[in-house]
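Student: I have a new structure to look at. Can we go through the terms and what backs them up?
Tutor: Gladly. Here it is.

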Amino acid sequence: MASATDESRASDGEGDTSSERGGSQPTMCLTSDEVNYLIFRYLQESGFVHSAFTFVYESMLGRSNIRNAEKSIPPGALISFLQKGLQYVGIEESLNRESGGKKAKSSASAADSMSLLSTQTLQ
């Protein structure tokens, strides 16, 4: 799923590992074409053939620069990606609770009542 932005990131060093950049985190980003392709694949894999066709047309995915993505992206990639993101959010939340001490304990009941789609979780 390499795109022109991936190639430019590799050429200007943004894709370096943390050891090569003095301990900083590697840059991770998705282009809108890559996200659209993951959604398209999900629609196809789920049997929403007409929706997938319409989505490709309206998102102009056919004009994107994604090449050979069919071979390099495993089935279920969107669901896997979302699950890993939710795990990351859960880990981040538990770390925030642990580092907050008494402040986290007093707001634990409020944090337990948050929804995944609430603005508090997306900060």
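Tutor: The side chains of Glu 93 and Arg 97 meet in a salt bridge, at 3.7 Å from N to O. Keep in mind that this is a predicted model.

Student: Why is the contact of Glu 93 and Arg 97 called a salt bridge?
Tutor: The cut-off is a side-chain nitrogen of Lys or Arg within 4 Å of a carboxyl oxygen of Asp or Glu. Glu 93 and Arg 97 have an N to O value of 3.7 Å, so the pair counts.

Student: How many helical turns separate Glu 93 and Arg 97?
Tutor: About one, because they are four residues apart in helix α5.

Student: What makes Glu 93 partly exposed?
Tutor: Its relative accessible area is 24%. Buried means under 20% and exposed over 50%, so Glu 93 falls in between. Arg 97, at 34%, is also partly exposed.

Student: How many salt bridges does the whole structure have?
Tutor: Two. In the pair Glu 45 and Arg 41, the side chains meet at 3.1 Å, N to O. Both residues lie in helix α2.

Student: Is Arg 41 buried or exposed?
Tutor: Buried: its relative accessible area is 7%, and the cut-off is under 20%. Glu 45, at 38%, is partly exposed.

Student: Why is α2 called oblique to α5?
Tutor: Their axes come within 8 Å and cross at roughly 120°. Roughly perpendicular ends at 115 degrees and roughly antiparallel starts over 145, so α2 is oblique to α5.

Student: Which residues of α2 make the contact?
Tutor: Leu 38, Ile 39 and Tyr 42. From α5 come Ala 77, Leu 78 and Ile 79. By class, the contact has six nonpolar residues, no polar and no charged ones.

Notes. Residues are numbered from 1 along each chain as its sequence is written. This is a predicted model: local features need pLDDT of at least 70, side-chain atom pairs count only at pLDDT 80 or more; totals for chains, interfaces and linings use all residues. Side-chain values use heavy atoms; hydrogens and water are left out. Axes are lines fitted to C-alpha atoms, for helices over the stretch in contact, and angles run from 0 to 180 degrees between N-to-C directions. Helices (H or I, at least four residues) and strands (E, at least two) are DSSP runs, numbered from the N terminus. Angles under 35 degrees count as roughly parallel, over 145 as roughly antiparallel, 65 to 115 as roughly perpendicular and the rest as oblique. Contact means heavy atoms within 4.5 Å. Ala, Val, Leu, Ile, Met, Phe, Trp, Tyr, Cys and Pro count as nonpolar, Asp, Glu, Lys and Arg as charged, and the others, Gly among them, as polar. Buried means under 20% relative accessible area, exposed over 50%, partly exposed in between (1.4 Å probe, protein chains only).
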